[in-house]
Amino acid sequence: MWVSWRWLSRWVDTEGVDPVGFAQRFTCTVAEIDRLKRWGFELDAVVVGDVVGVAPHPNADKLRLATVDLGDRQTTVVCGAPDLRLGMRVPFVPVGVTLPSGIVVKDGEVRGVRSPGMLASEADLGLSDNHDGLLSLEGVVAPAGTPLPRAIELGDVLYEVDNKSITHRPDLWGQYGMAREVAAMLGRPLLPLDVTVPLGQGAPVQVEVAAPDACPRYVCARIAQAKVAPAPVDARLLLRRLGVRPINNLVDATNLVMLETGNPLHAFDARQVRGNRIVVRRAAAGETLTTLDGQARTLTPRDLVIADAEGAVALAGVMGGQNSEIQPDTHEMVLEAAAFDAATIRKTAMRLGMRTESSARFEKALDPELPLVAARRFLQTVLAWSPGAVVTSDLLDAGPCRENPPTRVLIRTTTAYLRTRLGVTADELPDAWIVACLQRLAFAVEHTDDGALTIGVPGFRATKDVRIAEDIVEELGRHYGYGRIASAAPLIAARPPFTSPSRVAERAVRAALVLQEGMTEQVLYGFDHEGHRARLALHEHDAPRLGVRNEIAKDLVRLRRNLAPNLLAAAEQVLTTGEGKEPPREGLTVQTFEWGRVFVPSPPRADANDRERAALDLGAPPLALDLDRVGERQGWFTLMDADMRDAVQGTLDADRPLPWQPLRLGVVCGERLGGGAEGSKRVVPERAASQRVFGQALSAVHAAVRALGKPPLQVVPHADVPAAGSMPIAAPDWTTSWRHPRRCVALVTTAGQVVGLVTLLHPDVRNRMQAPAELAVAELDIDAVLALADAVPMGHAPPRQVGSALDITGRIAASTRQADVVAAMTRAIAAAGLPLEQAGYLYEAAQADGSRSVTWRLLCRAADRALVADELARILQVAQATVATFAPVGSP
Amino acid sequence: MDSAPWQADIEAARQHWLAATAGCAQLTALRSVQVECLGKNGAVTALVRRIAEVPPADKRAYGQATAALKAACEAAVAARHAELEAAEVQAELDDDTFDCTIPPQAALSGRPRPTGHLHPLCRVQHEVEAVFSSMGFAVLDYPEVESEFNNFEALNIPSWHPAREMQDTFWLDNGLLLRTHTSSGQVRALHTFKPPFRAVFAGKVFRYESTDASHEHTFHQLEGLLVDRVVSVGHLLDSMRTLLSAILRRQVEVRLRPGYFPFVEPGFELDIQCQLCGGAGCSACKHSGWLELLPCGLVHPQVLRAGGLDPAQWQGWAFGLGLSRLAMMRYAIGDVRLLLGGDLRFLSQF
C-alpha cells in the first residue's frame, strides 16, 4: 500500500521532518517500507497555459497546432494529444527544460512547423504513467503563466508499505491511520477528521440487514442533484499516485475516502435501486450477478450480497454489480458505508479470485464505527466536488451494531509488567511516558500511582489486533525504539542440554559414511516422483503410500515410503551424464546415502505402539526427565479461551493418529559398465562388478551400525529370511520391484528382528536405466537400530603369544557360499581339538570351468603357549580336507 | 499360372531366415543375424532391391511379396529378441553363483576409496545445532507430517485466521498436513520439557508454492524456543546477537522491527547489519544497511497455554531461521532448487 507524506501532513504537522530520512524510523516503528518514491518535484519551469487557439497541422493528420496563452505572452506549439480542445487549461513546458521523465524540450520543428515548447501529459511530467491525453488543469484558479507547483499540489514523498506487514492492522489500511502513527512518533497532535456535513431528513431507502452475523453495520445516505464530472486535478493526481485510476468525481470520492479512512464505500445509481429497498443477505445457491468487471459470477449461500427489491446489485465488500453502477448521467445516488464480517468477505474473494482494494480491507476486520465516519467524509467530498448536490436524507444506520455495540476491549496490566517484558527500567521508561504514548495512539488510559493500568482499546485496534497486555508491550516497544533496549542475558541453570538420539545418530553416521566410506550425502524430496517410478517400474507392490490432496505437480502426488527410488534417480543421472566435462566412462562409480524420514500410512498396531512412539518422539527426552514436569501444569485444555477450545475440539474429534514417519538410512552404490557410445547397450554385469557394488552397500550399512555403537547386524541370505509378515511394520519394505530375488540379504538383529536389507537391483529395473550399470540398494530402519542395546567394548588384555597365519587355497563350486566353507573349517578344526582364533576370506580367482579358487587365512593361536610346527601342519590338513568336500562335482 | 522363379527365392529366404532367427541362442548372435538379414547389405534387403530386375508385369506382386518377407523377418527378430531378453533376465535370476557372504573389504580390494561429500544443508544444520548445543539448548527432531492442531491451532492460528492463507499448505489424503514451519514443534517441546528450558529443532518444511530460483516447495528451517519465568525483549535481543554472531562467525549487530506472526507477541522481523557495506548502505541491502534475516518474538500466551503452561507463570521467546537461505548465503548458491535436486555433480563440491 502506498502512503502519501503530503496527505498525512494534512493532519499532522511534519514541518522540519525529512520524509526520506524518516523512512528508516517508520520501518522500525510501524511497518516495513519496500520502496520510497519522490513525486512531482523539479517542475518549477512548467507553467499553466490556456489553449486559445487550435489549428490543423499542415503536414500531419494526427498533429495539431495549439496557441497557448501564458499570461505575459502567447505561443504556438505542435501538439499530438487527441483531447486537445479550445479553452483547455494545460501544463506548458517552455524550451530548454528537462523534465523528470527525461524529456528534453527543444526549440525544434515537428513535421516542418516550429514548436517552441510542449503541452504535457501526466507521463511527460513524471506524475504517472498515464499518457492518454494532456493533464487537464480545469478548475485551477491560478492565472495563466503561474508556475505549476504554485497552481496545484506537487511535491510528495510516497512510501510503499509491505502489505504483509500490516495484515493485522486494519487501521493502517487508511492514510489517516498512518498519520496517527506518524503523529505519535513525532509527539505532535493529530487533527481530527472533519465530519461536519449538512444532512437531509428521512430515510434514504428502506434497508433490511437479513444477515446480521455478516454485516454488523450498514450506513446509507442519499444524494440528489449531483453531476458526474472529472474530480479536481489534485484529487485525480493523488488517486493516481496511490495506485487508483480516476474515473469521475462520484466514483473517485468513494475511492478517496477509502484510501483516507480505510473503509471501502460503494455508490449506487439511485434509479437502479429497484423498489427503493436494500437487503443485505446471503446469496441463494446458484444466484448469479454480473460484477463491474463484466464477469458473471455464480454465488453460493456463503457469499454475502447487497440486493434491491428484485435481486442482487453488489457482491458485498468485494465489487459492485454492473446493473447499479454510476452512469455518466447519474444525478441521484445511494451511498453505502458498511462493516462486513472479515471471514465472509475473505472466503468469497478467495473463492472467486477477486482480491480487490475493498476485499483486502474488509478481510482485515474493520472497526464497525468507521462507516459512520467514512459516510460523512464521502458526503462532504461529493458536496465539494459537485456544486449543487444536496444530501436529501438522514444517515441511516442499520445492522446489529447500533443496538449492541461491540464490548469495549479493556486490558488491565501494570507499568511494571510492561517494562519487565520489554527489559527496561522505570528510569528509562517512566509511567508518564507510557501513558502519553498510549494516549497518542488513541488508547484510553487510566493510571494509578502504583502503576496499575486500565487500557481501553480504540475500536479500530480492537477487532482482532490488540487484546492482551503483550499487545501493549509491542505498542510501547516499537514507539520507544527496540534499538534502545539494553541486551540482557537470560538466566538459566547450567545443565547439560538434551540432544535427540536421532540427531546424535545422524552426526555419527554421516561422519562414518562420508569420511570412512567415501560416500556422498543426499537430501532429497519427501515426495516420490511418479514419472520416474513408472519409467523404471519401481513399486512396492500393494503397499500403500500417503497421498497429497493438493499436489504441486502431477508427478508429486504421494509421499515416499522408501528412500531407494529417489536415490536411484539421482544415481542414474550421474551414471548417465558422467561427473563433469568428460563423457561417462566405464568404471564410473557412485556411492550415495540419505538419512531421512519416510511415511508409512498403515494404521497403528497394538504391538507396535512403542515403535510408533519412537518414530514420532525422537525429539523427546528419556522418561526420567519427563516425569519432572508432573504437577507443574494445569490442564492445558482449560487454559485456552473459548475460540481456541472449539477449534481444538474439532481437531481432537477427528481423531487422526499421525502416520509412522520412521527414520531410515538409504544407500545406493553403482558402477557404470560401459563407456562412451557403447555405453547405451544393455550389459549383463560381470560377477566381480556385482560383488563390488554389493560389497560397497553392505560395507556402508556395517559402518553405520558401528558408528551408532550397536552390535553388528547379522547378514542373512535371501533364502533364510523369515516370511515378510513377521517383519516389524516400520522396517523397509521387503517385497519391492527393485529387490533382486536372490542377490539380497536381510540385516537381522541378534533377537531375530529384520531391520534392513541390502540388494542388487533387480535386472528388470536395471535394464530400464539409461546407462549400463550395476547397482546395489540398502535400506536400514534407524529407529529399530537405535532401540538396540549399545555394544560396549570389552577391555581384554592383548594376547601374549604371537599367532601364526596359514593361507589355504581350494576350489569350490560357483554356487557355494564361502561363509559355509569357513564355518565347516572352523567346526572341523575345533572338533579336532586344535586352536583356531579366526578364519577369514582373502581373495579368489575365477576358473575356466566356472568354479572358484578361493584363498582363506587361518589365524591360529593358543592363549598359553606358542604353537609347534606339527600342530600347524595338522590344522592345515584338517582345513584342506574340509575344503575338498566343497570341490565342484567332477573336479580332480 | 506357373509361379515365377523369384517366388521360390523368396520362399527359400523366408525359411532360411526364420530358422536362423529361431536358432539364435544369444542376443549377440541375433544381432548379427539381424544385420545379415535386414542390414544395409543384408540378404533380404538385397531381395527387396532386386525389384529393378523383375519384369514390369510382376513388379507389383514382387513388391508385395518382398515387403511381406521383410515384415515377417522383422517380426521374427523382434519376437526372438524379446524371448532372449526375457531368457537373459531369467538366467540372471536363476544364477546362484553370486556369493553374498564375501566380506565387503575383500570384494572392494584394490579399488581406491572415493572421496565423500557432506551435503551443504546438513553442514549448516549441524554447525548451527552445535552452536546452540554449546549454549545449553536441547537439540530436537520432530515429524514432518503433522496435525492441524500442532501446525496451526496451537500456534494461535485458528481456521478463520488470514495467516492460514499466507501458509500455503500441502494437505494429505488422511486429513493431516505437511508441516509448513518448524514452529509446529513448539507445542510438542512445551508439552515435553520441564520449564525453564531452551531448545532448537530443525528440518524440512513444505509450502504449496511453485518453484523458481528462490522458491522451493520443500526447504529447511530451524526453530528456537526458550521458556523461563521472565523473558523480555532485552533477553531476545541478547540471545539473537550472541547466537547469530556465533553462527555467522563475526560480531553481528541486529535490529528488531515490528513483524506480524500470530504465535508471538510482540513479533519482530530481525535484521542484521549488512556484511558487505557494514551498514553504510549498498545494493545488497537495498541501501538500507540492513538485511532481513529471521522472524522472532516473545511467545504468545495462547501458545504457552496450548503447551500446558500458565502464561502468568512462564514466558518465552521463539525464532525461525531459514537454513536453506543460510546455506545459500554461506556457499554462494544461486538457485535454491540445487539443494534438494540430488545432482551429484553439484554435491561433489562440498
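Mentor: In H6(B), residues including B:Leu121, B:Val124 and B:Val128 meet residues of H12(B), among them B:Leu323, B:Leu326 and B:Tyr331. Contact means heavy atoms within 4.5 Å, and helices are DSSP runs (H or I, at least four residues) numbered from the N terminus. This is a predicted model: local features need pLDDT of at least 70, side-chain atom pairs pLDDT 80 or more, while totals for chains, interfaces and linings use all residues. Residues are numbered from 1 along each chain, chains are lettered from A in the order written, and side-chain values use heavy atoms, leaving out hydrogens and water.

Trainee: How is such a pair of helices described?

Mentor: Two packed helices are described by the angle between their axes and the distance between the axes. Axes are lines fitted to C-alpha atoms over the stretch in contact, and angles run from 0 to 180 degrees between N-to-C directions. H6(B) and H12(B), residues 323–331, pack at about 105° with axes 9 Å apart. H6(B) is therefore roughly perpendicular to H12(B) (65 to 115 degrees; under 35 is roughly parallel, over 145 roughly antiparallel, the rest oblique).

Trainee: At what angle do H14 of chain A and H6 of chain B pack?

Mentor: About 130°, with their axes 12 Å apart, so H14(A) and H6(B) are oblique to each other. A:Arg503 and A:Arg507 are among the H14(A) residues in this contact, as are B:His126 and B:Glu129 from H6(B).

Trainee: Which side chain meets A:Arg503 in a salt bridge?

Mentor: That of B:Glu129, at 2.8 Å, N to O. A salt bridge is a side-chain nitrogen of Lys or Arg within 4 Å of a carboxyl oxygen of Asp or Glu. Across the interface of chain A and chain B there are eight.

Note on methods: Helices (H or I, at least four residues) and strands (E, at least two) are DSSP runs, numbered from the N terminus.
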